[in-house]
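Welcome! Take a moment to turn the model around on your screen, and then let us walk through it together, part by part.

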Amino acid sequence: MDNIDAWVWWLVGAVGLGIPLVVTAMPEFGMFAVGAVAAAIVAGFGFGIVAQVLTFVVVSVALIAVVRPIAARHNRQRPELATGVDALKGKQAVVLERVDGSGGRVKLAGEIWSARALDTDRVYEVGEQVDVVDIEGATAIVI
């Protein structure tokens with residue numbers, strides 16, 4: 001085992017760090033694996049253990065410091081195109097049957113939906129335009 005070069009050990013470490021990356025889907029393990037590959041390259045050029053460990057730490061920390069905030073910002077962004085029931089929120093509908101706190105019917109996006117008023121004391125009569133604020137199951141919640 002003493003005959004194996006340091007760069008091989010760093011590559012083994014990189015593979016070892018890649019396994020939890022795949023299993024847990026935590027990108028930090030991938031960043032550590034890249035740091036280990038960078039340390040293997042440094043070891044391949046003949047630098048000592050201090051330079052190798054320093055390279056591993058610097059590359060890993062730099063990747064975490066740069067990539068994580070970008071990934072977090074990307075993850076927080078809402079999709080630009082709303083689909084499904086999310087696309088119906090904020091749309092206008094026309095009351096087909098009287099809508100109150102217990103129910104009614106509206107025409108929404110060319111389809112007939114069951115509906116109920118958000119404010120249970122409020123009543124919407126046939127022909128009125130209402131705004132959809134939420135969808136609960138197959139019921140449009142309107143104001």
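**A barrel and its helices**

Let us begin with the strands: 5 of them make a closed barrel in the order S1-S2-S3-S5-S4, and their pairing is mixed. From one strand to the next, the twist averages 50°. Please keep in mind as you look that this is a predicted model.

Strands of a sheet pair through backbone hydrogen bonds, and they can do so in a parallel or an antiparallel way.

Now follow the barrel strand by strand. S1 covers residues 92–100, and S2 covers residues 103–108; the two run antiparallel and are joined by 4 bridges. To find this pairing on your screen, look for Glu97, which stands opposite Arg105 in S2. The link from S1 to S2 is a hairpin through 2 residues.

The next step takes you from S2 to S3, which spans residues 111–117; these strands also run antiparallel, with 4 bridges joining them. Here Leu108 has Glu111 in S3 as its bridge partner.

What about S4 and S5? S4 holds residues 129–136, while S5 holds residues 139–142, and the two pair in the antiparallel sense over 4 bridges. Glu136 stands opposite Thr139 in S5. These two strands form a hairpin as well, with 2 residues between them, where Gly137 takes a positive phi near 65°.

Which strand pairs with S1 besides S2? S4 does, in the antiparallel sense and over 3 bridges.

The unreviewed UniProt entry annotates residues 6–23 and 30–47 as "transmembrane region". In the model, residues 6–23 are 100% helix and 0% strand, and the C-alpha atoms at the ends of this span lie 26 Å apart. Residues 30–47 are 83% helix and 0% strand, with 24 Å between the end C-alpha atoms.

Which side chains form a nonpolar patch on the surface here? They are Trp7, Leu11, Val37, Ile41, Phe45 and Phe47, and together they have about 610 Å² of accessible area. Helix H1 (6–24) and helix H2 (27–44) are the elements that each give two or more residues to the patch. Phe47 sits in the loop between H2 and helix H3, which covers residues 49–76.

Finally, have a look at the aromatic rings, which form 2 aromatic pairs in this structure. In one of them, the ring centres of Trp10 and Phe56 are 5.4 Å apart and the planes meet at 35°, so the pair counts as tilted. Because Trp10 belongs to helix H1 and Phe56 to helix H3, this pair ties together parts that are 46 residues apart in sequence.

Definitions and conventions
Residues are numbered from 1 along each chain as its sequence is written. This is a predicted model: local features need pLDDT of at least 70, side-chain atom pairs count only at pLDDT 80 or more; totals for chains, interfaces and linings use all residues. Side-chain values use heavy atoms; hydrogens and water are left out. UniProt positions are given in the numbering used here, feature names are shortened, and annotations may be inferred rather than shown by experiment. Two strands pair if DSSP finds at least two bridges between them. Axes are lines fitted to C-alpha atoms, for helices over the stretch in contact, and angles run from 0 to 180 degrees between N-to-C directions. Patches are made of residues with over 30% relative accessible area and no salt bridge: like charges are joined within 9 Å, nonpolar side chains (Val, Leu, Ile, Met, Phe, Trp, Tyr) within 5 Å. Accessible areas come from the Shrake-Rupley method with a 1.4 Å probe; for residues, only the protein chains shown count as cover. A salt bridge is a side-chain nitrogen of Lys or Arg within 4 Å of a carboxyl oxygen of Asp or Glu. Rings of Phe, Tyr and Trp (its six-membered ring) pair if their centres lie within 6.5 Å; planes under 30 degrees apart count as stacked, over 60 as edge-to-face and the rest as tilted.
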